[in-house]
Amino acid sequence: MANKNFHLKGKGTVAVHGGNEPDPQYAHLTPIYASSTFYFDTAQQGMERFAGADKTKIYSRWGNPTHTVAEQKIAALEAHGLTDEDGSPLQLKALLHSSGQAAMTTLFMSNLSAGDKILTHYSLYGGTQELLTKVLAENGIQTIITDLRDRELAVAAIKNNPEIKMVHIETPANPTLQCVDLEMITVLAKQHRLVVSVDNTFATPYLQQPFRYGVDFVFHSTTKFLNGHGTSIGGVLLGRDLQFMSTKAWKWYVLLGGNANPFDAFLLTQGMRTLELRMDRHCSNAMAVARYLENHPAIAKVMYTGLESHPDFEVAKKQMKHPGGMLSFELKGGVETGKQFIDRLQMCTRAVSLGTVDTLISHPASMSHASIPKAEREGYGITDGLIRMSVGIENIEDILADLTQALAE
Ligand SMILES: *Cc1c(COP(=O)(O)O)cnc(C)c1O
């Protein structure tokens with residue numbers, strides 16, 4: 001166990017040691033506490049735990065030691081090197097959920113009620129889009145969608161909708177890799193006293209730390225790069241207002257019942273330990289793939305935040321350490337060519353999801369975004385010929401060889 005007072009300088013070290021807790025049995029890794037409840041020695045002890053004076057766990061829907069380690073590790077990564085208004089190290093509280101969707105539900109439901117509006121950018125993860133426009137809409141919460149890369153449009157949306165209470169940003173966004181300027185939008189939102197949340201799934205805290213810009217909440221689908229190996233579904237909600245996180249957000253978390261389970265939390269913790277190594281490789285491979293595709297005669301367009309041709313190249317460079325492991329591209333031949341290309345792949349995996357050690361390739365129009373009407377989808381840049389690629393950590397020559405043979409005439 002690293003001494004908790006020993007300052008960790010690098011994020012790679014924080015990924016390995018951050019958030020770890022000493023185990024009463026001296027287990028090197030925090031074990032899977034597969035226990036729904038935790039006994040009390042005496043009635044008095046039970047009372048103290050309920051009153052919060054004794055922090056020992058009570059019941060696993062409210063918290064479990066295996067969850068705690070994963071939560072603390074993510075919080076340590078998102079807060080690393082950042083300070084609060086008074087200059088002290090930033091403190092965050094994380095709540096680990098059974099899925100990204102569950103964490104998103106706690107986020108929106110604990111911050112919004114009927115009559116409120118939420119402002120967001122188009123080009124969102126399909127599940128987020130549907131949660132907003134279906135579930136929240138039925139509960140009296142209206143979503144205003146605009147291009148948040150354009151300050152004027154954001155200002156107009158806020159002016160025209162005084163009911164807006166919250167701004168939700170996904171950057172880079174799925175699957176177009178559009179980037180919203182976190183600093184610009186947060187400054188604007190704070191002028192209007194709006195709550196700001198950021199979906200940091202594509203970037204991970206290694207590449208981008210939204211709390212640096214004063215946002216209130218960060219969300220992750222931990223299913224993706226944080227787990228890194230595709231072994232479990234999970235989500236996390238992090239907040240800087242510790243009072244809110246331990247009262248309202250915690251209450252909604254517990255009552256909505258979207259808590260994680262100890263096995264998934266264990267897998268997540270092990271996955272996160274290699275975050276920096278994996279991300280460096282994901283990013284360097286993605287850059288090489290983007291450059292290769294950019295020069296390939298069968299490709300009409302490549303969308304990668306690391307290419308100067310990407311409309312948000314400058315914003316990505318400003319707020320991300322590297323441009324990430326995700327890219328999308330358009331084949332010249334449209335849907336049929338796209339299907340043929342996908343069927344010819346020999347090593348890259350045909351699957352939705354992202355952020356795993358192996359390269360995953362999907363077709364948003366027929367898969368993740370199929371439930372969004374075509375015209376609306378195309379308005380967001382999700383055309384029929386668009387292919388999304390989550391570049392893995394294989395050796396680059398093998399990824400390029402597979403693409404080369406699949407793209408051959
Ligand atoms: C996957 C994903 C989600 C939803 O998370 P689940 O773990 O599938 O519930 C939300 N946002 C983004 C950007 C995602 O990639």
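**Exercise 1.** What should the twelve residues of helix α16 (residues 396-407) span at 1.5 Å a residue, and how far apart are its end C-alpha atoms?

*Solution.* The model is predicted, with local features needing pLDDT of at least 70, side-chain atom pairs counting only at pLDDT 80 or more, and totals for chains, interfaces and linings using all residues. Residues are numbered from 1 along each chain as its sequence is written, and side-chain values use heavy atoms, without hydrogens and water.

Step 1. Helices are DSSP runs of H or I with at least four residues, strands are runs of E with at least two, and both are numbered from the N terminus.

Step 2. The expected span is 1.5 Å times one less than the number of residues. For α16 this gives 16 Å, and the end C-alpha atoms are 16 Å apart, so the two agree.

**Exercise 2.** Find the buried residues of α6 (residues 151-160) and state how they are arranged around the axis.

*Solution.* Step 1. Buried means under 20% relative accessible area, exposed over 50%, and partly exposed in between (1.4 Å probe, protein chains only). Ala154, Val155, Ala157 and Ile158 are buried in α6.

Step 2. They lie on the same side of α6, because their arc around the axis is only 160 degrees, taken from the directions from the helix axis to the C-beta atoms.

Step 3. The face turned away from the buried side of α6 carries exposed Glu152, Lys159 and Asn160.

Step 4. With contact meaning heavy atoms within 4.5 Å, the cover over the buried residues of α6 includes β2 (117-121), β3 (142-146), β4 (164-170) and α7 (182-191).
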